Amino acid sequence: MKGFVYLLLAFAVTTSAKVVPEQEDIRALLEDEYDPFLPFIAGGTNAVLGQFPSIVAVGLPAPPNNAFCGGVILNANHVLTAARCVLAPPPQNTLLFINQVTILSGSLQLNFGAPRIAVSAIYVHPQYNPFTYEHNLAVLRTSTDFFFPVVPVPGIGVATFYEEIMFDGQACQVVGWNNATASPIQQFIAAPILNRDTCNGLAVHTGRIRESMVCAGATGAGPGVCASNLGTGLFCEGRLAGILTTGLGCGQANNPGVYVQIRWYLQWIRDQFARQDIPLGGSIPIPAM
């Protein structure tokens, strides 16, 4: 059952690739992160209109057409998400076709039957590593512009970047979608910045947290995020500080969320806005592993 869910969500890693033992250990840990009977957010609080207007859902090509990742609006026609969301699982690592990815935005409750915004280009960070999840970012260009009202109602707005160094214990929030109903609702949980040494401990993420990553949450059981919120945003002082990359424990102990630190990638993100090339679906946009 779990293997089916991995495929359904388009996030799983296969076990057929030839990898080094360390990578096999990472895969084993990853496989333990998913459970189809858990919600997409555990212990979340419902967001209110205009609270996190940059949060969207990134629709993925998995039946019954309601698999998704999280995403964050950057400007009128670009969304930031995780590279994991727009690549086929290892060992293929091939880019999805643009007509396979859509955006749902502007609401606190997802309506899978509502019109979606098409994507015209997908830009994956060229150094993304599908085994360590370093550089796990992708910028999506939309075919049509978002419409931003003066007041963020019905809930569409642009994220601003948190460019400072985060500190241990800093109060932050992770925002995503919860499948408590047939139409997932937007929720958030408190996710204080966790000490890096603690997060890299043998009982937690076993040294997998690289310098460009940050842990947020707690090592004890409590509120947590789950697989369908990959690519969603971590907000500190109301600004986008990270993108969820792994640590999808759904509130289980010793599995806090792990995020790409936005401040490391500001120039790369902004460079994608002016790109004129359109990467081809089915191509491999990252180094061979």
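Buried means under 20% relative accessible area, exposed means over 50%, and partly exposed covers what lies in between (1.4 Å probe, protein chains only).

Some ground rules first. The model is a predicted one, so to speak, where local features need pLDDT of at least 70 and side-chain atom pairs count only at pLDDT 80 or more, while totals for chains, interfaces and linings use all residues. Residues are numbered from 1 along each chain as its sequence is written, and side-chain values use heavy atoms, with hydrogens and water left out.

On confidence, pLDDT (the predictor's confidence in each residue, from 0 to 100) has a chain mean of 84, and 82% of the residues reach 70 or more. Residues 1–38 are another matter: pLDDT stays under 50 there, and the model has 74 contacts beyond four places in sequence for this stretch, a contact being heavy atoms within 4.5 Å. Where pLDDT is low, the predicted coordinates should not be read in detail.

Back to Ala221, which sits in the loop between strand E12 (213–216) and strand E13 (224–225). Helices (H or I, at least four residues) and strands (E, at least two) are DSSP runs, numbered from the N terminus. Setting aside neighbours within four places in sequence, Ala221 is in contact with Gly251, Gln252 and Ala253.

Thr245, in strand E15 (residues 239–246), is buried, because its relative accessibility is 0%. Leaving out residues up to four places away in sequence, Thr245 touches Arg84, Tyr133, Asn136, Leu230, Val258, Tyr259 and Val260. With one of these, Asn136, the Thr245 side chain makes a side-chain polar contact of 2.6 Å. A polar contact is a pair of N or O atoms within 3.5 Å; within protein, one must be able to donate a hydrogen and the other to accept it, and residues adjacent in sequence count only if both atoms are side-chain atoms.

Most residues other than glycine have a negative phi, and most peptide bonds are trans. His135, in the loop between strand E7 (117–124) and strand E8 (138–142), has a positive phi near 60°. Thr206 also has a positive phi, near 45°; this residue lies in the loop between helix H3 (196–199) and E12 and is partly exposed at 36% relative accessibility. Pro90 and Pro91 are joined by a cis peptide bond with omega about 10°, and Pro91 belongs to the loop between strand E5 (78–81) and strand E6 (102–104).
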